[in-house]
Amino acid sequence: MSPARAPRRRSTRTSRTALAVSAVVAGALALSACSGEGNAPSGGGGTNFVAGKGGIDTVPVADRTPAPTIDGKTLQGEDLDLASYKGKVVVMNIWGSWCPPCRAEAPTFAKVAKELKGKGVEFVGIDARDPQKDQAIAFEKDAGIEYPSLYDPDGKLMLRFPKGSLNPQGIPNTLVIDKEGRVAGRSLAALSEKKLRQMIDPVLAEK
């Protein structure tokens, strides 16, 4: 092997390593991004859902797929399994106390959750990538949130949703799950009360 060829091989290996690192970093950023309205990733290409305006996607009833198993310990240390809510519409909000858009939308979620309690709708939070429970619990108290939140400091629950589905792609994200336990809608950005109700009401009205 001539000396002139060695640098070329090292350069190729270096380029491949750089590309691999870039891909990992990009994936991590996609999962932990904090999105406000108008700053959400887009989706819908080659999938069975309809990409709407403002980062809200919906799935026709016939094309819906079951939500994955979502279970674990809440911030208060209690067991929670999403399957226990079958027969009700579930609004699942993925948030972090470190996320400004999450702080902006939290009082809205607290308000709507209280108003729809007992009307066939259950709210569940997933506190993602918060290293300390104390910060997350204080966040809920400040916002007036009374519904439970699963504690997910590593963001692993988000990864249970298969690619190509209405999987969470950042923080905050909101999913609406129908009475049969199927994912019916997703928001990729913080929600106003109007948009939140626009996601919930059609699914709640389904027979």
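Visitor: What is the relative accessible area of Asp-71?

Guide: Quick background: this is a predicted model, where local features need pLDDT of at least 70, side-chain atom pairs count only at pLDDT 80 or more, and totals for chains, interfaces and linings use all residues. Residues are numbered from 1 along each chain as its sequence is written, and side-chain values use heavy atoms, with hydrogens and water left out. Buried means under 20% relative accessible area, exposed over 50%, and partly exposed in between (1.4 Å probe, protein chains only). Asp-71 counts as partly exposed, because its relative accessible area is 28%.

Visitor: Which strand holds Asp-71?

Guide: Helices (H or I, at least four residues) and strands (E, at least two) are DSSP runs, numbered from the N terminus. The protein has 4 helices and 9 strands, in the order α-β-β-β-β-β-α-β-α-β-β-β-α. Asp-71 sits in strand β3.

Visitor: Which residues is Asp-71 in contact with, leaving aside neighbours within four places in sequence?

Guide: Contact here means heavy atoms within 4.5 Å. In the protein, 71% of the contacts with a separation of 6 or more are between residues 24 or more positions apart. For Asp-71, setting aside those neighbours, the partners are Leu-80, Asp-81, Leu-150, Leu-157 and Arg-160.

Visitor: Which helices does the salt bridge between Glu-115 and Arg-197 tie together?

Guide: The side chains of Glu-115 and Arg-197 meet at 2.1 Å, N to O. The two residues are 82 apart in sequence, so the pair ties together helix α2 (residues 100-116) and helix α4 (residues 193-204). Glu-115 is partly exposed at 33% relative accessibility, and so is Arg-197, at 21%. Glu-115 belongs to α2 and Arg-197 to α4.

Visitor: Glu-122 and Lys-117 also meet in a salt bridge; is Glu-122 buried or exposed?

Guide: Their side chains are 3.1 Å apart, N to O. Lys-117 has a relative accessible area of 53%, so that residue is exposed. Glu-122 has a relative accessibility of 10%, so Glu-122 is buried.

Visitor: Which residues are linked in a network of salt bridges?

Guide: Side chains of opposite charge can pair when their charged atoms come close. A search of the whole structure turns up 13 salt bridges. The network links Arg-64, Asp-178, Arg-182 and Glu-206.

Visitor: How many nonpolar residues are in the lining of the second largest pocket?

Guide: On a 1 Å grid over the protein atoms alone, a pocket is an open set of points with protein on both sides within 12 Å along at least five of seven lines, and lining residues have an atom within 4 Å of a point. This one holds about 200 Å³, and 15 residues line the pocket, with Ala-67, Pro-68, Leu-82, Ala-83 and Gly-181 closest to its centre. Ala, Val, Leu, Ile, Met, Phe, Trp, Tyr, Cys and Pro count as nonpolar, Asp, Glu, Lys and Arg as charged, and the others, Gly among them, as polar. The lining has 2 polar and 5 charged residues, and the nonpolar count is 8.

Notes: On a 1 Å grid over the protein atoms alone, a cavity is a set of points where a 1.4 Å probe fits but cannot get out, and a pocket is an open set with protein on both sides within 12 Å along at least five of seven lines; lining residues have an atom within 4 Å of a point. Grid points are joined across faces, edges and corners, and a volume is the space filled by probe spheres set on the points. A salt bridge is a side-chain nitrogen of Lys or Arg within 4 Å of a carboxyl oxygen of Asp or Glu.
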